[in-house]
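Subject: Handover of a structure and its findings

Dear colleague,

Please find below the structure that I am handing over to you. I would ask you to keep it open while you read the notes that follow.

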Amino acid sequence: MDIASTRKMAATAEADFSGLYQARFSDLAAQLYAFTGDPSETHDLVQEAFLRAWQRWHTVGRYEDPVGWVRRVAWNLAMSRHRRLRLIRHWADHSQPAAATAPTGPDRVVLVAALRKVPEQLRRALVLHYLADLSVADIAAETAVAEGTVKSWLHRGRTELARHLSDYWEGGSR
Amino acid sequence: MTDHDDLDAGTAAEFADYRRAVREMFPQPPSAAIFSEARNRTTRRRVATLLAAAAAVVAVLAGTVMLRPAAAPQPPAAPSSGGSSSAPAEIDGYTPGVPPAPDKGNQVLFLDQQTADRLRGMTVTLPAWQGLATQCPAGQFTFHAGKAVISGAGDLGYTTDYAILHKGLRAIFAELDGEPGDEIVAPLGCGMIELQFRLLALKVEPGGFRALGYVADGSEQVTSFDRFYPDGQDLVVEVSDGGGQGTFEQRRHFQWRDSRFVQVSGPTVFPGEVDMRSVDLRNWSIHLPIVPEDGPPCGNGGWLSFVGGASGAWGYAEPGISLTAAEYFVGGISRGFLNEPADPYRVDAPDVLVTMTCRGTEGRTDEWVQHVSHVAHTTTLLKVGVDGVTGIVSHRIVDGLAEVTVRTAGGEEVRRYSFDSYRFTRVS
């Protein structure tokens, strides 16, 4: 292959990747933020996932759903970081009284705050279903569990989320 | 419409509102930034590989053995044929009876309650955070109940604060500057909803505190840390790059020199992607999940950075309950590929099994087999004291299954387990 052809291929790859990046970065960040509740961490996670996609673009770019690969990497990173934070949260649970007042602010903050009270697996299922628009079967495949487990997660997740949201509204913070 | 449908519709509406509102929070940086960082990482990896190769040559010429090959960044793992492949298992016989070397990190002097209360109400002049000088600025701040407001509530309705001794985080006394008087090392948080933390050193002075500076000031890619403790003239900090495929923890040594902290030994950079097949887990790090039913200290979970197969962890900071620390030891290690559901994203994912021992300060000992994934996720396979297991003899990965030889009241027996990325299920 001559130099001109190589350069053309590289330019095409960059254009393809940039298109995906610009179209999906914000959506993916919205998903991860709902899970982590941390805007700066979310930004780093999504950027890192896209970076890894670009480093393997010769392979990832040929996938039918490259954004699925990026989403999976971003979630792996998020789960890994999240496990690290558990220790501090566990300490908080044991050493601090519960917050006396509900969070205030825009709806998005209230939803994120309520989601953070939902157990990790249930929260992940909710976000994948309602923000990533994955079906029960897709979530089951992505998380390597049976569809019945996902249905159970979603049902329990909805119930838990509704209860926590209700707590906030009744706290008069909306 | 059923209650179930109502709940589904209500949840969908909440997320739809959220989706519309939140996308604007995350404008993407230019894709050129991705391309640039990718080129930088490639360059760094090449340099690291060359340095490692050069070091190996020097070691061979000197007739020495490199004891910590994993300390150097590793090139990315070579893809295998798939998650269902089976690689030859490396079997590393279990080596019980780890010598009881005292762990300096668990012999620290934590702040007494009176000093902690003074710290939570101190007025102190803080230096700015390197790289975050706008959000976490220099200036004099007065803390109330451990918090000092940096700026008022913005769009999100939260203030930006400095926070000291946040949510039970511990602080210690230490001698850092060689001059009379105590110093304190404490995690200082800064942020709005989620806090970031740096390690602040303070001099105890009559009537108050004086900030000496930040131990890890943010220029070292450090995003979080666990234990920190004096070791001779050094302050050892167990630091982490915060997560991801290269997630792990290191011990770095700092000293107070010429009015600032400088790193004097230990690794200075984090490696990029890690091939778990070549990692020396006895000189690596593991994150253990919290197992509440095991109780403290061995069920506390958290990051452990191992040196020579030993590590330690601080216990809880519960008011009125004395601290229960624990020491951890790495025993036998085996590697291979566990059969997992077909997954195109796990093609280069070797699995590691490791025998772990935990010894609490009150003498209790726990022992179990831990699975460590390629992204450093950990799952407990089996535990002594559960399901009739009285001891662990050995383990290996063979034909896609985890195989553990255990001791029971009836003698030794071999148990096999499948793995679904989340839990192990006994199959024989």
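Are Phe35(A) and Trp75(A) buried or exposed? Both Phe35(A) and Trp75(A) are buried. Please bear in mind throughout that this is a predicted model.

Aromatic pairs

Over all chains, the count of aromatic pairs comes to 13. In one of them, the ring centres of Phe35(A) and Trp75(A) lie 4.9 Å apart and the ring planes stand at 65°, so this pair is edge-to-face. The angle decides the matter, because planes over 60 degrees apart count as edge-to-face. Phe35(A) belongs to helix α1 (residues 3-36) of chain A and Trp75(A) to helix α4 (residues 66-95) of chain A, so the pair links distant parts of the chain, 40 residues apart.

Phe141(B) and Tyr162(B) form an edge-to-face pair, with 5.0 Å from centre to centre and 80° between the planes. Phe141(B) sits in strand β4 and Tyr162(B) in strand β6 (residues 160-164) of chain B, so the pair ties together parts that are 21 residues apart in sequence. Phe141(B) has a relative accessible area of 10% and is buried. Tyr162(B), at 0% relative accessibility, also counts as buried.

Returning to chain A, you will find one aromatic cluster formed by Phe17(A), Tyr21(A), Phe25(A), Phe50(A) and Trp54(A).

Salt bridges

Side chains of opposite charge can pair when their charged atoms come close. Over all chains, the structure holds 17 salt bridges. One of them joins the side chains of Arg52(A) and Glu48(A), at 2.8 Å from N to O. Where do these two residues stand along helix α2 of chain A? Arg52(A) and Glu48(A) are 4 residues apart in helix α2 (residues 39-55), and therefore about one helical turn separates them. Both Arg52(A) and Glu48(A) are buried.

In chain B, a salt bridge connects Glu238(B) with Arg251(B), at 3.6 Å from N to O. Glu238(B) lies in strand β12 (residues 234-240) and Arg251(B) in strand β13 (residues 249-257) of chain B, so this pair ties together parts that are 13 residues apart in sequence. Glu238(B) and Arg251(B) are both buried.

A further salt bridge is found between Arg416(B) and Glu403(B), at 3.0 Å from N to O. Arg416(B) lies in strand β24 (residues 411-419) and Glu403(B) in strand β23 (residues 401-408) of chain B, so the pair ties together parts that are 13 residues apart in sequence. Glu403(B), by contrast, is buried, because its relative accessible area is 9% and buried means under 20%.

Salt bridges also link Asp177(B), Glu183(B) and Lys203(B) in a network.

Strands and sheets of chain B

Chain B has 3 helices and 25 strands. Strands of a sheet pair through backbone hydrogen bonds, either parallel or antiparallel. Strands β23 and β24 of chain B take part in an open sheet of 4 strands, in the order β22-β23-β24-β25, with antiparallel pairing. Why do β22 and β25 of chain B each have one side without a neighbour in the sheet? β22 (391-398) and β25 (424-426) stand at the edges and have a single partner strand each, so one side of each is left without a neighbour. From one strand to the next, the twist averages 30°. The antiparallel pairing of β24(B) and β25(B) runs over 3 bridges, and Ser418(B) stands opposite Thr425(B) in β25(B).

In a regular strand the side chains alternate between the two faces of the sheet. Strand β3 (residues 123-126) of chain B has a covered face with Val124(B) and Leu126(B), and an uncovered face with Thr123(B) and Thr125(B). β3(B) pairs with strand β4 (residues 139-142) of chain B in the antiparallel sense, over 4 bridges. Val124(B) stands opposite Phe141(B) in β4(B).

Chain B as a whole

Of the 428 residues in chain B, buried residues make up 50%. The accessible surface of chain B comes to about 19200 Å², and 54% of it belongs to carbon and sulfur atoms. Among contacts in chain B between residues at least 6 apart in sequence, 49% join residues at least 24 apart.

A colleague

Notes: Residues numbered from 1 in each chain as written. Chains lettered and ligands numbered in written order. Predicted model: local features only at pLDDT ≥ 70, side-chain atom pairs only at ≥ 80, totals over all residues. Heavy atoms only, no water. Salt bridge = Lys/Arg side-chain N within 4 Å of Asp/Glu carboxyl O. Buried < 20%, exposed > 50% of the residue type's maximum accessible area, 1.4 Å probe, protein only. Contact = heavy atoms within 4.5 Å. Areas by Shrake-Rupley, 256 points an atom, 1.4 Å probe, with all protein chains shown as cover. Pairing = 2+ DSSP bridges. Axes fitted to C-alpha atoms, helices over the stretch in contact; angles between N-to-C directions. Phe/Tyr/Trp six-rings, centres within 6.5 Å; stacked < 30°, edge-to-face > 60°.
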